[in-house]
Amino acid sequence: MELDALDWALLRELQNDARQTNRDLAAKTGVSPSTSLERVRLLRERGVITGYHAALDLDAAGRPVQALILVRIRPPARPVIEGFREWAARLPEVIGLFVTSGAHDFLIHIAVPDVDSVYAFVIDRLTERREVADVQTTMIYEHVQSRCMEPTSPDRPRSSRRAR
């Protein structure tokens, strides 16, 4: 699906403040409220907008310590990988989970209250699983996250050929 300049403007504004009114969104993007409403509805229907979420400050939420944990699974069979993925994604410490290629099968991003909780997560949660063959942990000193996705190439946003 190709996004045009208006789509990107709406997405940029919603990523900065998803709680703003449609009237404010329309004013900031230079379109009528009805156009804004319809375009946002289409972005949701096409799956570009998947939801609206509250961004949390991990320190204020009592989870100031973050780590990235690489996990290798054996045997590397689809049911084993899928079972581990479903189990790990439900753990309360996990704030991100990536199924990866290369030497490891997963990269797990956790946020916990303290360093002892990282150790407990690895020893008491991960290594208790029979399919876990290897674990490598990296502590995170600082996490800088982009809050706003922009078009990826200089020639974007391109104008869409679809009727408006």
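Where does proline 75 lie? In this predicted model, proline 75 is found in the loop between strand E1 (65–73) and helix H4 (78–89).

## The cis peptide bond

Most peptide bonds are trans. The bond from arginine 74 to proline 75 is cis, and its omega is near -5 degrees.

## Packing of H1 and H2

Two packed helices are described by the angle between their axes and the distance between the axes. For helix H1 (residues 5–16) and helix H2 (residues 22–29), the angle is about 130 degrees and the axes are 10 Å apart. H1 is therefore oblique to H2, since an angle counts as roughly perpendicular from 65 to 115 degrees and as roughly antiparallel over 145. The crossing of H1 past H2 is right-handed.

On the H1 side, the contact is made by Leu6, Ala9, Leu10, Glu13 and Leu14. H2 contributes Leu25, Lys28 and Thr29. By class, the residues of this contact are five nonpolar, one polar and two charged.

## Packing of H2 and H3

H2 also packs with helix H3 (residues 33–45), here at an angle of about 100 degrees and with the axes 8 Å apart. This angle makes H2 roughly perpendicular to H3, because the range for that term is 65 to 115 degrees.

From H2, the residues Asn22, Leu25 and Ala26 meet Pro33, Ser36, Leu37 and Val40 of H3. The contact of H2 with H3 has five nonpolar and two polar residues, and no charged ones. Leu25 takes part in the contact with H3 and also in the contact with H1.

## The largest pocket

Rolling a probe the size of a water molecule over the atoms shows where empty space is left. The largest pocket holds about 1,200 Å³ of space. Its lining consists of 34 residues, of which His53, Ala55, Gln145, Ser146 and Arg147 are the closest to the centre.

H1 and strand E2 (94–99) are the elements that give two or more residues to this lining. The largest share comes from H1, with five residues. Sorted by class, the lining has 18 nonpolar, 11 polar and five charged residues.

Technical notes. Residues are numbered from 1 along each chain as its sequence is written. This is a predicted model: local features need pLDDT of at least 70, side-chain atom pairs count only at pLDDT 80 or more; totals for chains, interfaces and linings use all residues. Side-chain values use heavy atoms; hydrogens and water are left out. Axes are lines fitted to C-alpha atoms, for helices over the stretch in contact, and angles run from 0 to 180 degrees between N-to-C directions. Helices (H or I, at least four residues) and strands (E, at least two) are DSSP runs, numbered from the N terminus. Angles under 35 degrees count as roughly parallel, over 145 as roughly antiparallel, 65 to 115 as roughly perpendicular and the rest as oblique. A crossing is left-handed if the near helix is turned anticlockwise from the far one by less than a right angle, and right-handed if clockwise. Contact means heavy atoms within 4.5 Å. Ala, Val, Leu, Ile, Met, Phe, Trp, Tyr, Cys and Pro count as nonpolar, Asp, Glu, Lys and Arg as charged, and the others, Gly among them, as polar. On a 1 Å grid over the protein atoms alone, a cavity is a set of points where a 1.4 Å probe fits but cannot get out, and a pocket is an open set with protein on both sides within 12 Å along at least five of seven lines; lining residues have an atom within 4 Å of a point. Grid points are joined across faces, edges and corners, and a volume is the space filled by probe spheres set on the points.
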